[in-house]
Amino acid sequence: MIRTLTACSIEIDDPDAAVMEILEQLDLEHAQLKNSVGLLVCHVDFMVESNTVQKLCAKLPFDVLGISTMGSATNRGGGQFILNLVVLTSDDVFFSVGASRPLIGDTEEKLRELYNMARVGLPENPKFMLSFLPFHNKIKMDFLVDYLSEISDDTPLFGMIPSDFATSYRNPMVLFNGKVRDDAMVLLMMSGNITPKFDVTNFSSDTTIERPAIVTRVDGNILQTINNDPAIEYLRSIGLFDESQDIGDQPFALCFSGKNDVQPIARAIIGQTPEGYAILAGSVSPNSTISVGFADRDEIIKTAKDMAARNGESSFRLFSSCLSRNFALGLDNMDEIETIRSNVDVPFLFAYSGGEICPAENSDGKLINYYHNLALACCSF
């Protein structure tokens, strides 16, 4: 059994006041059990412009990991310029955390080193892993997810990538025990009396267009041909955009279904090559079928409300929502947060992410760890 403690602060300019407020809300002296870990998400200014995060971590008697985010919430509060902390504490669940060396170069060696570092702190093999990964265009997220799955014997993996956005991407950060990094992964492992459940969605059937299209040639995340035509040429031919428009600015994503997938995996299009190939924010498999999904405010709120209603018998829920979902809300950029807060009746943590890692079942009923785009993902205990 896991007990969940939540705390938040909007004291972005007064680190001492923020730390005092959070410690009072947690009341660790009376509420903490034998084993504990902290999950912290906040606006990046709590990490960089002030030393709030550093002061807070120094006061907490357990490991703390987290990310910067452009919006977050718990039952206590939500918003953009806020720090939210969740403490998971238990007598029969065990927690162990490790942080990697910079992940550029020798990635396999560093991931295995990280896995072994975290595994040493558990009395048995992990039942669940939670990762906070760096936002870095030289790191292939699909590879990180696949390799961690391989070396952990397919242990379920849930994860987030930090987000920080003004008029452009700034410097999203990963946190571990008061230190902030832009090049490292932090990995939390759990064992003992825990049975996590997972839920992930991107587009509802109401906003998905089905077309007879097949991936006929692909190289990782470079979608070369669709139905044997250059990818960009094909997408223009079906009227999704014209030559005057930038492919990376369009309000749609491609959804790919492999032969063993129960639900499509969405991929944002982030650019194109001189050959007319589409550059995707994640790899896809050859021979996948393609549909097109569109996101607007109504779609974001509908999928958030539907997922929030699926509470089940959980005592804690962790939500990761793609920052592109936030962009689709326009001026109503807190509506998804308020939808979650209004419809979830157990302790929760919600954060906007630069990418979502969440298991999903294949056609054989096996959980497969996937890297998602444009998704709302949830892990429940």
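This is a predicted model: local features need pLDDT of at least 70, side-chain atom pairs count only at pLDDT 80 or more; totals for chains, interfaces and linings use all residues.

Colleague: In what order do the six strands of the open sheet stand?

Modeller: Strands (E, at least two residues) and helices (H or I, at least four) are DSSP runs numbered from the N terminus, and two strands pair if DSSP finds at least two bridges between them. Here the order is S1-S6-S2-S3-S10-S11, with mixed pairing. Strand S1 (3-9) and strand S11 (179-181) are the edges, each pairing on one side only. From one strand to the next, the twist averages 20°; axes are lines fitted to C-alpha atoms, for helices over the stretch in contact, and angles run from 0 to 180 degrees between N-to-C directions.

Colleague: How many bridges join S1 to S6?

Modeller: Seven bridges join these antiparallel strands, and Thr 6 stands opposite Val 86 in S6.

Colleague: Is S1 largely enclosed or open?

Modeller: A residue is buried under 20% relative accessible area, exposed over 50%, and partly exposed in between (1.4 Å probe, protein chains only). Six of the seven residues of S1 are buried, so the strand is largely enclosed by the rest of the structure.

Colleague: Which strands does helix H3 lie across?

Modeller: Contact means heavy atoms within 4.5 Å. Helix H3 (residues 52-59) lies across S2, S3, S6, S10 and S11, at about 20° to S6. Its buried residues are Thr 52, Val 53, Leu 56 and Cys 57. Seen down the axis of H3, they fall within an arc of 120°, so they line one face; the arc is that of the directions from the helix axis to the C-beta atoms. Ala 58 and Lys 59, on the other side, are exposed. The cover over the buried residues includes H1, S2, S3, S6 and S10.

Colleague: Where is Asp 27 placed?

Modeller: Asp 27 is in the loop between H1 and helix H2 (28-31). Its phi is positive, about 50°, although it is not a glycine, and it is partly exposed at 34%. Asn 228, between S15 and S16, also has a positive phi, near 70°, and counts as exposed at 61% relative accessibility.

Terms used. Residues are numbered from 1 along each chain as its sequence is written. Side-chain values use heavy atoms; hydrogens and water are left out.
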